[in-house]
Each structure stands twice: as C-alpha cells, then as structure tokens.
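Trainee: I have a structure to go through and some questions about it. Can we look at it together?
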Amino acid sequence: MKALLLKDYYTLGKSLRSLALIVLLWSVIPMAFLNVFAMIYGSMIPYSAMAYDQQSRWNTFARMLPYREKDIVLSRYVLGWLCTAVGGAAVLVFQNVLSLFSPRFGCSPWTVLAALCVGLLLLDINVPLMLRYGTEKARWVSKLVIILACASTGALGALVNDAKAATAAVLSLALPGLLALTVITTAVSILLSLKFYRENS
C-alpha cells in the first residue's frame, strides 16, 4: 500500500503541490464557502491519479507486480482520505488560530466533520464509476463530482454563514446520521470498486 501511495505521490507531484497551496490559501480566508471547498477538494485528487494510470496503462503493468487487487483499489480511497483529511486539518487549525485575532474567523469541529463526510461521499461516487467506465467514457464523472462538490460547498457554506452557534447545534444533531451514511456508502463503494476492477483487469 505504501509503495502504491508513493507512486501516486510522484505521479501527481505538481498537482499535490498545487492542492497544498490552494488549501493553504482557502484555509486562511474568512469565507465559509472557500473553507468548506478546501476540505472537499481533496476528494477529487484520486480522479487525477486514476486518469494518469489509465493513460499510461498502469493497470496492465500492475498485473505483473506483487500487488493484490484489494491493495490497488484501496490505495485510491486512502489517497482521497489523506487529501481530504489534510484539508480538514488545515481549515480547523488556521481558522481557529486566526479567530484569536479577529471574530471574522473560526470554524467548528462539527462543520469540519460534516464537510469531510461530504468529501468522502463524493469520493465514494467517483472511484467505482471511474473503474467501471474508464477515463475517456467517464469524463462526465469529473464534471458530476465538481458540480456535486460546488453544490455541497454552497449549501454548507450558506448554513455556516447563517449563524455559527445554530449551525454547530444543527450539525451536531445531524452528524451521527451523516457519519453512518458515509460509513455504509464507503463500504458499498469499495465492494463495487473491487468488482469493477476485477471485471476490467
């Protein structure tokens, strides 16, 4: 698994550096929309990794290597989980540190967890569809994920802007259901991804 993640890291070198810069900038701006999008954006990184792999016929080469199908598929999810977690941690840390100097800043842990769940749900949609249809046929997947990400970001951003105290209370009540949905969806998504990967290998 570590070697697969390192392969993605070296393949996506510039993209990951751009992601880090974007997340850093969006994390220090007192705008809920940008803060939420910084957390969700990481879930779209595996799309780029899978696109590079399919263009270079990595999957064909991987059959000759001692990697289990399970490890190859799970590496896509782990990459998305790591990138999304980095965004969430950056927003939580920077916004709450800056809130010590200005009330314009600040982000509750409930908002971060809700945004991370949304990012993981988008990842759960993206990975199996990419494995099922491939890069060329699934270009609409990227557009779908971007549309869903923007819609989710707008909804969460508007909710956060309404009233931070009320938002924290609402999210704290809704979060258990959202977490349960994310866990179930992730489990189903991984099973589907394994199935599609085996069919197309």
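Trainee: Where is the place of Lys 7?
Mentor: Lys 7 has its place in helix H1, residues 2–11. This is a predicted model, where local features need pLDDT of at least 70, side-chain atom pairs count only at pLDDT 80 or more, and totals for chains, interfaces and linings use all residues. Residues are numbered from 1 along each chain as its sequence is written, and side-chain values use heavy atoms, with hydrogens and water left out.
Trainee: What counts as a helix?
Mentor: A helix is a DSSP run of H or I with at least four residues, numbered from the N terminus.
Trainee: Is Lys 7 buried or exposed?
Mentor: Lys 7 is buried, because its relative accessible area is 18% (buried means under 20%, exposed over 50%, partly exposed in between, with a 1.4 Å probe and protein chains only).
Trainee: Which residues does Lys 7 touch?
Mentor: Leaving out residues up to four places away in sequence, Lys 7 touches Asp 53, Trp 58 and Arg 76; contact means heavy atoms within 4.5 Å.
Trainee: New topic. Where does Leu 181 lie?
Mentor: Leu 181 lies in helix H9, residues 164–200. With a relative accessible area of 45%, Leu 181 is partly exposed.
Trainee: What separates the C-alpha atoms of Leu 181 and Leu 121?
Mentor: A distance of 8.6 Å separates those C-alpha atoms, although Leu 181 and Leu 121 are 60 residues apart along the chain.
Trainee: Last one. Which residues in H2 meet H6?
Mentor: Leu 16, Leu 19, Val 23, Leu 24 and Ser 27 in H2 do, and among their partners in H6 are Cys 83 and Phe 94.

Key. Helices (H or I, at least four residues) and strands (E, at least two) are DSSP runs, numbered from the N terminus.
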